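Colleague: Please pick one part of this model and take me through it slowly. I am new to reading structures, and I would like every term spelled out as you go.

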Amino acid sequence: MKTVVIITALLWYANNPIQMQTDWPGGEFETLYECREFLQSNKVMLTLGLFEKHLEDDKGNHLLSWEYFCESKTYTDL
């Protein structure tokens, strides 16, 4: 088993009571500290990428707000 830390964004859209979630595909970190340091220094790059892909949901609802966080994920190597 392997544990990594990834960046996740919670997304809130107009006319949609359910929050959505997306993982940032650009990297995995070994520690929460490393992830949080990356977030602090790269919010513009992350947000521009978020806007490119997630300004609207699959029903055309506009993005109202978002929040980034770091989370640990554990998976089994195959």
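Modeller: Let's begin with N15, which is exposed, at 75% relative accessibility. Here "exposed" stands for over 50% relative accessible area, "buried" for under 20%, and "partly exposed" for what lies in between, all with a 1.4 Å probe and protein chains only. Please keep in mind that this is a predicted model, where local features need pLDDT of at least 70 and side-chain atom pairs count only at pLDDT 80 or more, while totals for chains, interfaces and linings use all residues. Residues are numbered from 1 along each chain as its sequence is written, and side-chain values use heavy atoms, with hydrogens and water left out.

N15 sits in the loop between β1 and β2. These names belong to DSSP runs numbered from the N terminus: helices (H or I) have at least four residues and strands (E) at least two. As background, most residues other than glycine have a negative phi.

On either side of this turn, β1 and β2 form a hairpin, with six residues between them. The two strands pair in the antiparallel sense over four bridges; strands count as paired if DSSP finds at least two bridges between them. In general, strands of a sheet pair through backbone hydrogen bonds, either parallel or antiparallel.

Now follow β1 to its other partner. Twelve bridges join β1 to β3, and these two strands also run antiparallel. Along this pairing, A9 has Y68 of β3 as its bridge partner, and L11 stands opposite W66. Put together, the strands make an open sheet of three in the order β2-β1-β3, with antiparallel pairing. The edge strands are β2 (20-23) and β3, since each pairs on one side only. From one strand to the next, the twist averages 30 degrees. Helix α2 packs on this sheet, touching β1, β2 and β3, and its direction makes about 105 degrees with that of β3. Such angles run from 0 to 180 degrees between N-to-C directions, using axes fitted to C-alpha atoms, for helices over the stretch in contact.

How well covered is β1? Nine of its twelve residues are buried. That leads us to the largest nonpolar core, which has 13 residues; I7, L11, C35, L39, L50 and Y68 have the most contacts inside it. Two or more residues come from each of β1 (2-13), α1, α2 (43-54) and β3, and β1 gives the largest share, five residues. A nonpolar core is a set of buried Ala, Val, Leu, Ile, Met, Phe, Trp, Tyr and Cys residues joined through side-chain atoms within 4.5 Å.

Leaving aside neighbours within four places in sequence, I7 is in contact (heavy atoms within 4.5 Å) with residues including W24, F29, C35, F38 and Y68.

Three of those names return as rings: W24, F29 and F38 are linked into a cluster by ring pairs. Rings of Phe, Tyr and Trp (its six-membered ring) pair if their centres lie within 6.5 Å; planes under 30 degrees apart count as stacked, over 60 as edge-to-face and the rest as tilted. The structure holds three aromatic pairs. Among them, F29 and F38 are tilted, 5.3 Å centre to centre with 45 degrees between the planes. F29 is buried because its relative accessibility is 8%, whereas F38, at 21%, is partly exposed.

C35 and C70 form a disulfide, with their sulfur atoms 2.1 Å apart; the term asks for a pair of cysteine sulfur atoms within 2.5 Å. The link is left-handed, with -90 degrees about the S-S bond. It ties distant parts of the chain, C35 in helix α1 (residues 32-41) and C70 in strand β3 (residues 63-75), 35 residues apart. Both C35 and C70 are buried.
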